[in-house]
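Please read its numbered points alongside the model.

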Amino acid sequence: ECPCQRYKHDKEWNGHAVGLCKNLTGIDDELMQVFKKGRKYRAHDNLEEALEGLQDGLDTYLQEHYPDATAEQKTRFAEVVMDEVGKRYAALPPTIKEEMGHQAREQLKEMKDHLVIAPTDKAVHDYAYVCKALYVNCLREETEGNDAYSVVKGAKEDVLAEHKKVNERNRTTSSTTNLPYLYGILKYAKTPPKMRYIAGVAKTKEEKEEEKGASRVEAKKKGQATMTLLHQEMSGLLKAVLRVIQEKDRKSRRPQVSK
């Protein structure tokens with residue numbers, strides 16, 4: 001009997017287990033939270049850095065667009081904004097720590113000895129599992145029975161050189177220094193289930209760093225354009241808030257006349 005049968009599964013495919021990870025039983029609570037809430041649930045979350053960035057942004061924004069406002073007015077406005085941000089953040093669902101606990105990690109490691117865990121087709125925040133033996137057989141059938149793939153002999157450098165020639169000739173895509181990859185994700189909604197195959201090329205560390213640098217420059221340009229648009233859309237609101245603060249200041253400073 002295939003080891004995948006030890007897991008309570010939703011469906012069977014050619015006698016092997018497939019299903020959604022959130023439907024499994026006997027899973028560590030911390031690991032199940034990841035399965036239920038998806039990969040965004042484990043996103044790095046540093047509230048202190050986020051609040052510092054927001055405070056700096058508010059100071060710069062008020063200084064550039066409302067230079068005539070008093071220091072007290074700017075401080076009050078920033079306090080109102082930061083207070084609202086704090087309330088909204090507190091209302092968000094809790095997240096888990098970046099690193100899973102020992103028990104969760106060990107259970108996940110054991111599962112991956114027998115199962116392949118990957119996002120579900122058309123539902124990337126639902127993790128699906130497929131029996132590892134079935135997964136390997138599916139990839140073998142896809143590559144061996146499809147004219148789109150062929151066996152290539154030779155050193156890695158020779159293969160990459162040939163890829164580069166083909167890409168330059170067809171002007172299809174830029175070349176990288178890594179070999180292409182192929183993987184499959186489960187079409188869980190299909191009966192019987194099927195696989196969607198995805199091919200691509202992983203970038204090297206150097207290529208990723210170079211791409212990040214270009215992305216930062218582009219993001220800065222977009223950020224500047226967004227701030228201009230934000231100023232146009234919200235200037236009326238900000239001015240109204242400042243007027244309210246000024247009016248309250250005048251009332252609070254108005255001398256009291258005893259009867």
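**Notes on the predicted model**

1. Apart from neighbours within four places in sequence, Asp28 is in contact (heavy atoms within 4.5 Å) with Gln103, Ala104 and Gln107. The side chains of Asp28 and Gln103 are also joined by a polar contact of 3.5 Å. A polar contact is a pair of N or O atoms within 3.5 Å; within protein, one must be able to donate a hydrogen and the other to accept it, and residues adjacent in sequence count only if both atoms are side-chain atoms. Asp28 lies in the loop between strand S2 (16-20) and helix H1 (29-37), and it counts as buried because its relative accessibility is 15%.

2. On the basis of the values: this is a predicted model, in which local features need pLDDT of at least 70 and side-chain atom pairs count only at pLDDT 80 or more, while totals for chains, interfaces and linings use all residues. Residues are numbered from 1 along each chain as its sequence is written, and side-chain values use heavy atoms, with hydrogens and water left out. Helices (H or I, at least four residues) and strands (E, at least two) are DSSP runs, numbered from the N terminus. Buried means under 20% relative accessible area, exposed over 50%, and partly exposed in between (1.4 Å probe, protein chains only).

3. Strands S5 (residues 180-187) and S6 (residues 194-201) run antiparallel and are joined by eight bridges; strands pair if DSSP finds at least two bridges between them. They form a hairpin with six residues between them, and Leu186 stands opposite Met195 in S6. Pro192 is placed in the loop between S5 and S6, and the peptide bond joining Thr191 and Pro192 is cis, with omega about -5°.

4. Asn14, in the loop between strand S1 (11-13) and S2, has a positive phi near 55°. Lys122, in the loop between strand S3 (115-120) and strand S4 (123-131), has a positive phi near 65°. Asn14 counts as exposed because its relative accessibility is 64%; Lys122 is exposed, with a relative accessible area of 76%. Most residues other than glycine have a negative phi, and most peptide bonds are trans.

5. The whole structure holds two aromatic pairs (ring centres of Phe, Tyr or Trp, its six-membered ring, within 6.5 Å; planes under 30 degrees apart are stacked, over 60 edge-to-face, the rest tilted). The rings of Phe35 and Tyr127 have centres 6.3 Å apart and planes at 65°, so this pair is edge-to-face. Because Phe35 lies in helix H1 and Tyr127 in strand S4, the pair ties together parts 92 residues apart in sequence. Both residues, Phe35 and Tyr127, are buried.
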